[in-house]
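Please keep the view open while reading.

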Amino acid sequence: MENILEVKDLNISFDTYGGEVKAIRGVSFDLKKGETLAIVGESGSGKSVTTRAIARLIPSPPGRITSGEILFEGKDLVKASEKQMQNIRGKDISTIFQDPMTSLNPTMKIGNQIMEGLIKHQKMPRGQAKKRTVELLELVGLPNASERVDQYPHQFSGGQRQRVVVAIALACNPKILIADEPTTALDVTIQAQILELMKDIQKKTDSSIIFITHDLGVVANVADRVAVMYAGKIVEIGTVDDIFYNPKHPYTWGLLGSMPTLDSNEEELVAIPGSPPDMLKPPKGDAFAPRNEYALEIDKVQEPPMFKVSETHYAATWLLHEYAPDIEPPEAVKKRMKGFAKTGTIRTSEEGEKS
Amino acid sequence: MAKYIFQRLVYMFITLFIIATASFFLMKQLPGSPFKAEEKLSAAQLEILYEKYNLNDPLPIQYLNYLGNLFQGDLGVSFQMNNQPVTEILMSRIPVSAHLGIQAMIIGTIIGMLLGVVAALYSNSVIDYASNIISVIGISIPSFIFAGLLQYYLGVELGILPVAFWGSFAHTIMPTIALAIFPLAISARFVRTELIEVLGSDYIVTARAKGVSNATLMFKHGLRNALIPLVTVMGPMAVSLMTGTLVIEQIFAVPGIGEQFVTSIMTDDFPIIMGTTLFFAFFFILIILVIDILYGIIDPRIRIAGGKD
Amino acid sequence: MAKDNLDRDLFVPAKQDDEGSEKIQRPSLSYWQDAWIRLRKNKGAIFGMIVLFIIFIMAIIGPFFNEKGINDQDLGLSKLPPRVQGLEDVRWLGLDGTKSDTFEASSVEAAKERLRQRYTQRDDEFMTYDVKSDKDGSAEVTGYFHIYEAKGLQDQYYWFGTDTLGRDLFTRTWYGTRISLYIAFLAAAIDMVIGVAYGGISAYYGGRVDDVMQRIIEILVGIPNLVVVILMIMILDPGIISITIALTITGWIGMARIVRGQVLKLKNQEFVLASRTLGSSNTRILSKHLIPNTLGMIIVNTMFTIPSAIFFEAFLSFIGLGLQSPQASLGTLINDGFKALQINPYIMIFPAIVISLIMIAFNILADGLRDALDPKMRE
Ligand SMILES: Nc1ncnc2c1ncn2[C@@H]1O[C@H](COP(=O)(O)OP(=O)(O)OP(=O)(O)O)[C@@H](O)[C@H]1O
Ligand SMILES: [Mg+2]
């Protein structure tokens, strides 16, 4: 299948009072037409920054893309002008943000907020745009759509607002839909509905989705491929099967280990010890080493490159080097790897820490 | 919303009642008689006047009468100015003060808004620093000092504007500037903070993600949301206009209520002092109410939800 | 892959050093240390602190800088312009102890004559002239009248000049500053005590108590403090105490509201609930946990109260309800200066500068403190 998006060695920094924060450090991946790529990783690992960069939505200052390429249909978005980006945003690349409570303009009717994109990108006259808006709202499952277009965001519940946000993102049938934790702020049943909705729409429009989540259960359900991020890097990337059944990176083991399954007891949950590094002064060597019980001496000296595991599966850990000792994933993770076929709706333990 | 307004009206009423009551009993404590100016009056004539104004009644009755009169807008008569009714005096002077106040408020707010917007757009630039300094100075330095400086430099030294009195547009310029400084400073600062916050908010990113142009982003999404809360600083502005009126009118000899008030303080004309005080209280409470209602009207969040949180 | 130059020995499990994971965490600073660091970075706030420090010191020692008393009147010495040692030659500063004016007349001599008349001088003994222009038929001359010499006061220096009654303005300005600051601090302290108590009690006890106390506040905020202050001053004769009382009658309300809001927010937080389960008494919890946590807000609010009290004191003097002479405050000094503004602007200028500096310094310091103490800003 052809790549609709290729990200090559992307580096992004933020200039803060404390100094330069290297938030993204050499991220590369590609996205194929019609596929769903999930990005997982701890809070602060750079998931949002990476995806925002694709739509060039990093606030600047303080943010800046220091190097790298973002090829969308072969065209480098890093070099695109603001005007060109305005024509791509909302039309080719749409974004759904995490918090539906704050991502809608409080003083603008939701109908107008949805129509804005239609009028801008598809040059629709207002009347037609309004009709399409009502259709969109019905599509995302909002009852009484024709009345609700004239209401304001505060008259909607959280789940309804997220449907509105989804409708805004879908308005122009984007080729890439970026969903940054679209369901984190919602309760479990609504989450499931929104996910269902996105899958449905993807089938109809054949768009590609980049999906950020902390919920590995959701990943197992919706994603084709998974990228695991840590401290501004992709540490492992592969198909869902690669990541869930044959994870290679100790950080991925940690993530899987901290994920409860239906048939496991609470006691078996293993949290990853410590906390992510301060990106103001990234440590020498492998950023994960201080928290990694399988770390090798070389991790303290040199950062591991991406090792190829299979055609679809890559991981950045010295454990894959030919010199490395044979190290097996922990028992708990192995047990889980077998049990994943049966997973239902499950969440990682990190979820609770997020406020 | 209706319930909320009703509730506010009740509070407004109670507050006014308390002020009216307090000022009535204060008046009774203070020395002097309403007829001091007419010393030629014979005892008999005085008696008639006392009778006419029911000043021989017991205090509670007088109080009720006073409240009754107040309801009809009768604030009593002046001690010093030939027993002219206070209401009449105030009515003749309010238009002048209102003219000055409104002119200052509009000019100050508009310039302040522009300054705030520019400062927010170019935050941390020279313009931003300048605007910050202007607002700190405008908020800090008392308006009578500005007035003094203006009067001395523009009026006395350079002689380009009339030093005092009322009449032509030129007469209004210096008092307007002096009164406009505070609204200018406070709205510049407020708009700047608000706009920076709005521009950093999630819904602005959402709008940007839709691909809207910078102009649309700024006007439809940014400014609108940043300017709505500006209504809330109308309270402090009203207060500053009231205090400002008292001193500025005095300095520039503008025949408004402020100047009358200060003169009355010098001459112990208590009915006018009390009347003006009541008027100020009424004006202030009214402004607060108007702000609340206005905010409800222009901000859809409150408009529908009914009342502020 | 450049595996060739990799050291095989490094491919052994790493020794876990516990400090490794500790090191990456930032040192944890206390709330106050953190706030202080942020305040120090704020140039405006530092400027404010320095200015206030200097003004405080001057308010304390300024009146003793010379032997002149605050109420030493001598009409013979009235309206002397400022004169500072060493600045007598820096004319544009206006601290050279001369009075000056500019006249236009048909000739230089005519202009000089008018200048002599202006200062009631018979000859040019104490006059110097500066001919600005001299075309035929019109001349412009600035004359400087050396009033100190004329009065035989060559060795006298009144740094800020003297007022219409011949009192030393330097002494009076710093004395007035002292009084103004005193009123402001007193009012702010009283506001703080009443406001903290009222807000704290209202929020802490909640329920009906809170309801009633909030209704009272809702009625009181409707009364503009301008009105309250004026009414109060009319019954209590103007004086330091009565002005302070007038300022505090409604002044505490803002503080009460802030404290109430903070306490309500903190009341249900874990550490308070925890100490309650441990059986602490109400007053103990209030004083040990709640108040310290709201202290930041209280300080910031007080910092804003002080300049507003200074303003109101000056304002009252200005409309004739302030301190009565011989007492002096910045407000009364400015008011006196105003009466002589057109001819002797310096009488107003010095107290006006001091009051402006105080107001600006307090406001930017309060702004800086608010930013520094705002927990939201803390990363
Ligand atoms: N505006 C900014 N200024 C400075 N640093 C920033 C900014 N935005 C992001 N960062 C930094 O970039 C890093 C990555 O942040 P990002 O938001 O991408 O994390 P995330 O993986 O999306 O986390 P989460 O799961 O919490 O959403 C963080 O270390 C953060 O501190
Ligand atoms: Mg994120």
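1. Start with charge at the interface of chain A and chain B. The rule finds 3 salt bridges across it. This is a predicted model. One salt bridge joins R208(B) to E82(A). The closest N and O atoms of that pair are 3.8 Å apart.

2. Which elements of chain A give two or more residues to the side that touches chain B? They are α2 (82–88), β6 (93–96) and α3 (110–121) of chain A. Of the elements, α3(A) gives the most, with 5 residues.

3. Now the extent of this interface. The size of an interface is often given as the accessible area lost when the parts come together. Between chain A and chain B, the buried area is about 2,200 Å². Carbon and sulfur atoms give 53% of that area. In chain A, the residues that lose the most area to chain B are T107(A), E116(A) and H154(A). Together they make up 25% of what that side buries. By contact, 28 residues of chain A meet 22 residues of chain B.

4. Turn to chain C and its helix α3, residues 43–61. The helix has 19 residues. From first C-alpha to last it reaches 27 Å, close to the 27 Å expected at 1.5 Å a residue.

5. Which residues of α3(C) are buried? They are A45(C), G48(C), V51(C), L52(C), I55(C), M58(C) and A59(C). Seen down the axis of α3(C), these buried residues fall within an arc of 155°, so they line one face of the helix. An α-helix has 3.6 residues a turn, so residues three or four places apart point the same way. The face of α3(C) turned away from the buried side carries exposed residues: K43(C), F53(C) and I60(C).

6. Last, one residue in chain A. I237(A) sits in strand β10, residues 233–239. Is I237(A) buried or exposed? Its relative accessibility is 8%, so I237(A) counts as buried, the cut-off being under 20%. Leaving aside neighbours within four places in sequence, I237(A) is in contact with F29(A), R225(A), V226(A), A227(A), I243(A), T312(A), H313(A) and Y314(A). L37(A) is 200 residues away from I237(A) along the chain, yet their C-alpha atoms are separated by 9.7 Å.

Terms used
Residues numbered from 1 in each chain as written. Chains lettered and ligands numbered in written order. Predicted model: local features only at pLDDT ≥ 70, side-chain atom pairs only at ≥ 80, totals over all residues. Heavy atoms only, no water. Helix = DSSP H or I, 4+ residues; strand = E, 2+ residues; numbered from the N terminus. Expected span 1.5 Å × (residues − 1). Buried < 20%, exposed > 50% of the residue type's maximum accessible area, 1.4 Å probe, protein only. Arc of directions from axis to C-beta. Contact = heavy atoms within 4.5 Å. Buried area = accessible area lost by both parts, 1.4 Å probe. Salt bridge = Lys/Arg side-chain N within 4 Å of Asp/Glu carboxyl O.
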